[in-house]
Amino acid sequence: MKATVFSILDTPAFGGAEQYLFAALKVLVQDGHPIVLGINNETVKKIYKERITKEKLENFKIIDLPYRLDAIGNWRGLVKYFFALPGATLWLIKEIKILKYPICLFPGYTDRLSFSPIVKLMGCKLVWIEYGPLEPVFKRTWGFPKLLYTIGRPFPDKVITVSNYSKQSSIKTGKMKDAKLMIIYPPIEIVEQKKTASKTFTAVSLGRLASEKQFDLLLYAWKQAGIDGKLLIIGDGPERYLYEELSQKLGTQKTVQFTGFVGEEKKRKLLQSADVFIFPSSWAWEGFGMTTAEAAGMGIPVITSGFGPQVEIIPSEKYGYIFKPNNLSDLAKTLVSVRTDKKLAEKGILARKYAAKHFSLQTFTENIRAVFDSGRD
């Protein structure tokens, strides 16, 4: 049996980062690595357990993570961080001793920087996952995250980044050695787009309904474009009620539908009903943009802000539609032009071919194996 992989998921919600971690752990457990994963969010824990059961993944254990650490939020979070850190550290040491020096996979910023020195002192192999760029993180809470990063930087054996955008930030801003870094794009399913027959033009957007995802920009643009069709917004999050109120205020409630969180099968069916997929965000912390890649993998034409790592998914307008980031008028204009573009389907086909080449499950699996099966087991 291969070495146990121990990981921590200190998270407020289920999103692309949590989906990425599950994909990586699934590869490892199927390769013979026992998995122990600590989770502190009950909703995320439920989703993981359901997926483990559905995938019939043996030796994949979920345990309770008894703390919440946040060193990059605000000053209140930072104060709570210092109070919670001693107890969290003792818990971590106890778990690693029980597991007899496993491989540690730390995806969370605060966790990996707080615990990396301890993990290495205990003889563990240490792998980080770097989701997003470091520049906006380093500016938070008076530069404390930058200090933590500087202290923790020497300890990981390998750092996985989910895009070249994140990798370049790690090198330039984080001063991480190139030799430690490895880009492993999230895996997506490549399927033939079986368009559901519909007389109504349908646009779909998908993601966590939080302010940084800029669904407000999309709603304003949808109103301004005056599209004869419907807009499905798939997902849930802390700002959902605000977006629903905004839709009411704009008078778009008859053409805009909020589905809430849906399972994978339902999500695929909703995406298959789409004539176009829209990624409105130009969030500075974005590490990849999983939803754009998923849509491209289904051959659904994509409208994207083209911000940051989005250009690694839709590299030019040969493969999709790119509007100016944070530009309401340009997004509305793009929506209008897409409605009548005869090359709409062709762009979806080309996007799928590009996605199949760069974001396949096979490539992801090979790369994950290369990181965890090299060196010490």
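**Notes on the sheet and a pocket**

1. Strands β4 (residues 103–106) and β5 (residues 125–130) run parallel and are joined by 4 bridges. One of the residues involved is L105, whose bridge partner in β5 is V127. Please keep in mind that this is a predicted model.

2. This pair belongs to an open sheet of 7 strands with parallel pairing, in the order β3-β2-β1-β4-β5-β6-β7. The edges are β3 (60–64) and β7 (181–183); each has a single partner strand, so one side of each is left without a neighbour in the sheet. From one strand to the next, the twist averages 20°.

3. Helix α3 (residues 75–98) lies across three of these strands, namely β1 (5–9), β3 and β4. The helix runs at about 155° to β1.

4. The second largest pocket holds about 1,000 Å³ of space. Its lining consists of 31 residues, and Q19, R51, E55, E189 and E264 are the closest to the pocket's centre. Elements giving two or more residues to this lining are α1 (16–30), α2 (42–55), α10 (264–272), α11 (290–297) and α14 (361–372).

5. Which element supplies the largest share of the lining of the second largest pocket? That is α1, with 7 residues.

6. By residue type, the lining of the second largest pocket divides into 14 nonpolar, 13 charged and 4 polar residues.

Technical notes: Residues are numbered from 1 along each chain as its sequence is written. This is a predicted model: local features need pLDDT of at least 70, side-chain atom pairs count only at pLDDT 80 or more; totals for chains, interfaces and linings use all residues. Side-chain values use heavy atoms; hydrogens and water are left out. On a 1 Å grid over the protein atoms alone, a cavity is a set of points where a 1.4 Å probe fits but cannot get out, and a pocket is an open set with protein on both sides within 12 Å along at least five of seven lines; lining residues have an atom within 4 Å of a point. Grid points are joined across faces, edges and corners, and a volume is the space filled by probe spheres set on the points. Ala, Val, Leu, Ile, Met, Phe, Trp, Tyr, Cys and Pro count as nonpolar, Asp, Glu, Lys and Arg as charged, and the others, Gly among them, as polar. Two strands pair if DSSP finds at least two bridges between them. Axes are lines fitted to C-alpha atoms, for helices over the stretch in contact, and angles run from 0 to 180 degrees between N-to-C directions. Contact means heavy atoms within 4.5 Å.
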